[in-house]
Each structure stands twice: as C-alpha cells, then as structure tokens.
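Please look at the model first.

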Amino acid sequence: MRALAAGTRASAVVVGTALLAAGCSSGGGDGGRGEHGDDGGGGAAAITQQPKEADPFWVNPDSRAARQVAAYVKAGRTADAEQIRKIAAQPTGEWIGPENPEQEARGFTEAADKAGRTALLVLYNIPHRDCGQYSQGGAADGAAYRAWIAAVARGIGDRPATVILEPDAVLHLVDGCTPKEFQEERYDLLQGAVATLAALKNTKVYLDAGNAGWGHPDQIFEPLRRAGVERADGFAVNVSNFYSTQDSLAYGKDLSAKIGGKHFVIDTSRNGNGPYTGGDPDERWCNPPGRALGEAPTTRTADPLVDAYLWVKRPGESDGTCKGGPKAGDWWPQYAMQLARAGG
C-alpha cells in the first residue's frame, strides 16, 4: 500500500533572501511575502496568519491556493474564492525541491521568522523514493542526498522550523518496496539526516512512520529506531493520506509506546471524510473522490503525545496522474474545490 499521495512541489524558482525584499514577492515559486501575511494585493484577496497561540506555523501568503483565491476575486467569483480560502488561510508544508535546497529553506524560514511563525518543511528526496510510482526520483545517490540535507540545514540555520523527514522512506524498507541492496544505505542516510537536523538550534524533526492503514506498529518500530527516531523529536503519521484523526491517534499511540513514548504529529490535511474504499485498492490513496479537508493545523490537540495536527500534504495538489489528475504536485483547482466544499 502506498502511504504517500505524492506531494512533491515543482521547484520553479529559487527562493532566497529576495523573498523578503521589495514587496517580498516570490515570483513564480511557492515562497512567501510580507510580515503578517499581507500580500499587497488588497483586502479581498489578502491571506493573513492564524493566531499564534493555537497555530504557530507560517501561512504562505503566496501559495498556489492563495493565488487561486486572488484570481477568483479578480474574476468576480467571490463564492469560489471563499471556498479556496479555506485552504489558503491555513499553514501547509513547503516541500523543498531538489535543485536549490539551501535557498528555498532560507527563503521559507526567513519569511516565517519575519512573520513571527515557524516554517513547516517537508524533505522528500531520498534515493530510490516511491519505488517507481508517481513520485519516482530523489537524489542520485547517497553522496548527493547528504549534500542536499546539509544544504537544507544551512538554509534553516537558527530560525524556527518543523521538518517532516522523508515520507514513506522507512515504510518502504518494511514493505519490501525498497530493494535490499539499497536498504542499509537508506538507514544510514536517514540517521545522518536526523542527526543533522536535530543539531539545529530551533528545528524540530519528525520521521515519517506510515499510517493507520498500511500495517501494524509492530512492523515498523524497530526500523524507525534503526533510522534514528530516538534522536528525532518524534514521528509523523498519515502524511498525504486520508485516515481519520481518531484512527491516526490510535496508531500513533500504539507506536509511541514501542519507542519510548515518542511524541508525534498527524497530517489532517485531507482526512475529513476518512479513507476512500472504492476502486483499485492499490490506488485508493491517489486523488480519491469524495474526500474533505480535516482539522485545521494546531498545536492544541486531543492528546499530549500529539504535538500538532499539520497539513503536511498541500490540499489541492495532485497525487499523480490517476483519476484524471495532473502530475504529482501540480495544483489541481477542481480537486481543491471538492476538498474545500466537502470540508464544511
């Protein structure tokens, strides 16, 4: 079962210190702009930050969803704009691209820090990722991956960041998707990534640990240890998937009990209606119909072991070229609208 509804972003431009200059526009990428999220575009389309006490994560005022809101406002489609605003107004993960990791990490964390918030970053570049599926790719080899992680760390520096590390990387060691000849290297790469990120002054790192539907925690807790979870702040569950918060909480608590009471975070971005149960079981994770936005990102959760509900996957971005979707990570306004309308 594929845990990851592929959320890789296209690295269209370099985001860096220019993100904060001259109107703080990021151009064609997914950077941010403006203290307190003022996008400079006027009141109707402006995207602002959430209250810090409940949701300390940065809302990107120049996200694809925010641009869609602005486009709908400009076209007079105010009702549609308000639907997509449900997505644009929430902090979502920034998936760091393969080509300019230091500049992107610096750009996002600088913009977040200027707004008094914490950047949420997703690192998804492990070699041989996704086992040849819709998000196949990743770093060319171990040396390239280590260099990429080091560049991300330089970009973050001492600024606040929460990092979700390598969706599916451990899970695919367990389910046999990753060939045996690559497994020892993958453990080593994950250990190194955890160590590098955990050494940063204001960075929290959560290693991906699958979801409530793939298998049992007994199958993954030892691999998580081998991958370095004990040095991490915790683990992440339900990344890019659709399992309910209740089921994710039960899975996470069971897993936590096996690895020393580690805390965890839950991706609630699209789990409002739970998982899809129709169609090909092997592709139920990929652009399933009838799904809905889940609980808004917050650090006020239902259990002290859960550090946050997060929108790690960015609602409205395709999981891959299935069910009529564009390529993985591309913005899909029709699907975004369906999620928003179903989400209340």
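Q: Which residue forms a salt bridge with Arg-67?
A: This is a predicted model, in which local features need pLDDT of at least 70, side-chain atom pairs count only at pLDDT 80 or more, and totals for chains, interfaces and linings use all residues. Residues are numbered from 1 along each chain as its sequence is written, and side-chain values use heavy atoms, with hydrogens and water left out. A salt bridge is a side-chain nitrogen of Lys or Arg within 4 Å of a carboxyl oxygen of Asp or Glu. With the closest N and O atoms 3.2 Å apart, the partner of Arg-67 is Asp-62.

Q: Is Asp-62 buried or exposed?
A: Buried means under 20% relative accessible area, exposed over 50%, and partly exposed in between (1.4 Å probe, protein chains only). Arg-67, at 31%, is partly exposed. Asp-62 has 4% relative accessibility and therefore counts as buried.

Q: What separates Arg-225 and Glu-222 along helix α7?
A: The two residues form a salt bridge, their closest N and O atoms being 3.3 Å apart. Helices (H or I, at least four residues) are DSSP runs, numbered from the N terminus. Arg-225 and Glu-222 lie three residues apart in helix α7 (residues 221-226), so their separation is about one helical turn.

Q: Are Lys-313 and Asp-319 buried or exposed?
A: Their side chains meet in a salt bridge at 3.3 Å, N to O. Both Lys-313 and Asp-319 are buried.

Q: How many salt bridges does the structure hold?
A: Salt bridges with shared partners join Arg-64, Glu-94, Arg-314 and Glu-317 into one network. The number of salt bridges in the structure is 18.

Key. Helices (H or I, at least four residues) and strands (E, at least two) are DSSP runs, numbered from the N terminus.
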